[in-house]
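Open the model in your viewer and keep the residue selection tool at hand. The stops below say what to select and what is there.

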Amino acid sequence: MGSRPVRELITNSLREDPELAEEVYNEAVLCLVRGESEVTKILLRDLIHATVGFEAMAVALEKSPKSLYRMLSNNGNPRLDNLSAILYQLACLVKPGVVR
């Protein structure tokens, strides 16, 4: 089993289970606070893929999709303001009664 079927399984699970998506979001925030940037980027990539996709997220952030891909790549080093903006956009999707 290659990485593509695993990616599809993760994406489909997050799309079908809003509670799981919220838990993954919460874990991404905790990982960021704990300084686990690599795990944070993986979780954010998974959530973006499962929710709006990279193209729409890039538009919401007023960034190019290529820039968004780069900042969340294994070698990416996103600034805190970019991570905050991504987390805010995702919170609006996975925690809709909480974020305004």
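Is Glu 16 buried or exposed? Select Glu 16: its relative accessible area is 66%, so it counts as exposed (buried means under 20%, exposed over 50%, partly exposed in between, with a 1.4 Å probe and protein chains only). This is a predicted model, in which local features need pLDDT of at least 70 and side-chain atom pairs count only at pLDDT 80 or more, while totals for chains, interfaces and linings use all residues. Residues are numbered from 1 along each chain as its sequence is written, and side-chain values use heavy atoms, leaving out hydrogens and water.

Glu 16 lies in helix H1, residues 3-16 (helices are DSSP runs of H or I with at least four residues, numbered from the N terminus).

Next, select Pro 18, which is in helix H2. Pro 18 is exposed, at 56% relative accessibility.

Select Arg 7 and Asp 46, whose closest N and O atoms are 2.2 Å apart. This pair links distant parts of the chain, with Arg 7 in helix H1 and Asp 46 in helix H3, 39 residues apart. Arg 7 is partly exposed at 33%, whereas Asp 46 is buried at 7%.

Then select Lys 41 and Glu 38, a salt bridge with 3.4 Å between the closest N and O atoms. Both are in helix H3, 3 residues apart, so about one helical turn separates them. Lys 41 is buried at 3% relative accessibility; Glu 38 is partly exposed at 39%.

Select Glu 27, Arg 34 and Glu 36 to see a network of salt bridges. Within it, the closest N and O atoms of Glu 27 and Arg 34 are 2.9 Å apart.

For the last stop, select Leu 44, Leu 68, Leu 72, Ile 86 and Leu 90, which have the most contacts inside the largest nonpolar core, a set of 24 residues. Helix H6 (80-94) is among the elements giving two or more residues to this core, and H6 supplies the largest share, 6 residues. A nonpolar core joins buried Ala, Val, Leu, Ile, Met, Phe, Trp, Tyr and Cys residues through side-chain atoms within 4.5 Å.

Technical notes. Salt bridge = Lys/Arg side-chain N within 4 Å of Asp/Glu carboxyl O.
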